[in-house]
Number of protein chains: 2
Amino acid sequence: MKEVKVLTKVLKANDMIAAEIRSLLDLHAVPCLNLMSSPGAGKTTLLEKTAKLLSGSLSLAAIEGDVATSLDGERLNAVGIPTVQVNTGGGCHLDATMIKDALQNFDLDKTDLLFIENVGNLICPSTFDLGEHVRVVLLSLPEGEDKPLKYPAMFLNSSVLVLSKVDMVGWNVGTLAASRANALKVNPRLKVFEVSSTEGTGLKEWADYLRALVVEKKRGKRD
Amino acid sequence: MKEVKVLTKVLKANDMIAAEIRSLLDLHAVPCLNLMSSPGAGKTTLLEKTAKLLSGSLSLAAIEGDVATSLDGERLNAVGIPTVQVNTGGGCHLDATMIKDALQNFDLDKTDLLFIENVGNLICPSTFDLGEHVRVVLLSLPEGEDKPLKYPAMFLNSSVLVLSKVDMVGWNVGTLAASRANALKVNPRLKVFEVSSTEGTGLKEWADYLRALVVEKKRGKRD
């Protein structure tokens, strides 16, 4: 029973720091998205494409979480997104303290939109509030259509679903309709994007959604 | 610091139960493989194909771990593998206690080979000994060739690597050679199989390996 008590205490402390982060981001009118998925669902590739679509008009920034290496952080820096790499050294998720520390490296007054790319894991990150405004889960088609049913917390605790690698439809993989239906069965309120980062499918809708988030947040600050 | 102490205590208790399990399996000459991977790398499909290849000659059994649902357990039962489904209810890995409990449902004297299909997670399961004899990590080609570098513990703590979905070579995915090279960079002792469960590639080599494990374990018992 002791473990349970300690975990509860850790989660409460995390939530307090997450609330601080959210207040700070609100003060600077910076919407923040927390991207979560299995390893290899295409989080980094989606952010690379997002940079190309938005970097002319918006200042993006990213916090990149990985167990090891700075490979993904280097990819984002290479497309012009100022990125802080956080290595968890074996840890299976990011927590609010890591985000608070990473945020000290950004000038939030010069940032329009912040992405957090979480550690690739469809389970543990779902229970840690990082102070984000929007939780985004990516599900890539090759993972199979049963994943929302088998890993429900991640889909229940997210508000946006990106169905990725949709160009792989027709291969020996899960079907798009069933992946979408199973996710909506777990959480009917999910806003769904169908995206192929390699072929460009759905990227305009995704970019429009991000632009609207920024406009809405800046308007909220002025009101 | 308190959390660290508790985790250490939990891991030690787990290791003691795992040692008990390994002794029990040795007593009955039942080799046990712990299959681990990201969600959707093809663990269940590989076991379905394994059943078709071996069920005439060997008695298989499986313990199926999932966060939720009995979908995978039903799939294995349908191909004639007696399977106990373990639901972790949010937990991100199987532990030795779950395996010990599940084992009470099998007649080990009538079992030649036991599979444990772990929860889909490339991080947490790698640190929990389940009493298995062989740790197998699956890496599916669409996940990308950088995964062994980004999630090193899983590859370091396994002795067998199954590169799965190799029929997807040529799609917009990681390359086979780089996936293999990165895994061997992390752990040069990995025994590697290249498999496509849907097309049948590499399944004969995999089945031959499993048959040899059974022969070796039975010989060990007689000696």
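**The interface and beyond**

Mentor: Between the two chains, 38 residues of chain A are in contact with 38 residues of chain B, where contact means heavy atoms within 4.5 Å. This is a predicted model, in which local features need pLDDT of at least 70 and side-chain atom pairs count only at pLDDT 80 or more, while totals for chains, interfaces and linings use all residues. Residues are numbered from 1 along each chain as its sequence is written, chains are lettered from A and ligands numbered from 1 in the order in which they are written, and side-chain values use heavy atoms, with hydrogens and water left out.

The size of an interface is often given as the accessible area lost when the parts come together. Here chain A and chain B bury about 3,000 Å² between them, with 66% of it on carbon and sulfur atoms; this buried area is what the two parts lose on being put together, taken with a 1.4 Å probe and summed over both.

Turning to the charged pairs, the count between chain A and chain B is 4 salt bridges, a salt bridge being a side-chain nitrogen of Lys or Arg within 4 Å of a carboxyl oxygen of Asp or Glu. A:Asp66 and B:Lys150 form a salt bridge in which the closest N and O atoms are 3.6 Å apart.

On the side of chain A that touches chain B, helix H1 (2-27), helix H3 (71-78) and helix H5 (147-150) of chain A each supply at least two residues. H1(A) gives the most to that side, with 5 residues. By class, the side of chain A that touches chain B has 18 nonpolar, 8 polar and 12 charged residues. In that classification, Ala, Val, Leu, Ile, Met, Phe, Trp, Tyr, Cys and Pro count as nonpolar, Asp, Glu, Lys and Arg as charged, and the others, Gly among them, as polar. Helices (H or I, at least four residues) and strands (E, at least two) are DSSP runs, numbered from the N terminus.

Over all chains, the structure holds 29 salt bridges. In one of these, the side chains of A:Asp129 and A:Arg22 meet at 2.6 Å, N to O. A:Asp129 lies in the loop between strand E4 (113-117) and strand E5 (134-140) of chain A, and A:Arg22 in helix H1 of chain A, so the pair ties together parts that are 107 residues apart in sequence. A:Asp129 is buried at 16% relative accessibility, whereas A:Arg22 is partly exposed at 23%; buried means under 20% relative accessible area, exposed over 50%, and partly exposed in between (1.4 Å probe, protein chains only).

In chain B, B:Asp26 forms a salt bridge with B:Lys217, the closest N and O atoms being 2.8 Å apart. That pair links distant parts of the chain, with B:Asp26 in helix H1 (residues 2-27) and B:Lys217 in helix H8 (residues 203-222) of chain B, 191 residues apart. Salt bridges that share partners also join A:Glu48, A:Asp66, A:Asp72, A:Arg75 and B:Lys150 into one network.

B:Thr44, found in helix H2 (residues 43-54) of chain B, is buried, with a relative accessible area of 5%. The side chain of B:Thr44 makes a polar contact with that of B:Glu117 at 2.8 Å, and, not counting residues up to four places away in sequence, B:Thr44 touches B:Glu64, B:Asp72, B:Arg75, B:Leu76 and B:Glu117.

As for cysteines, the structure holds 0 disulfides over all chains, a disulfide being a pair of cysteine sulfur atoms within 2.5 Å. A:Cys124 is in no disulfide, and the nearest cysteine sulfur, that of A:Cys92, is 3.5 Å away; A:Cys124 is buried, with a relative accessible area of 10%.

Notes. Polar contact = N/O pair within 3.5 Å; in protein donor to acceptor, adjacent residues only side chain to side chain.
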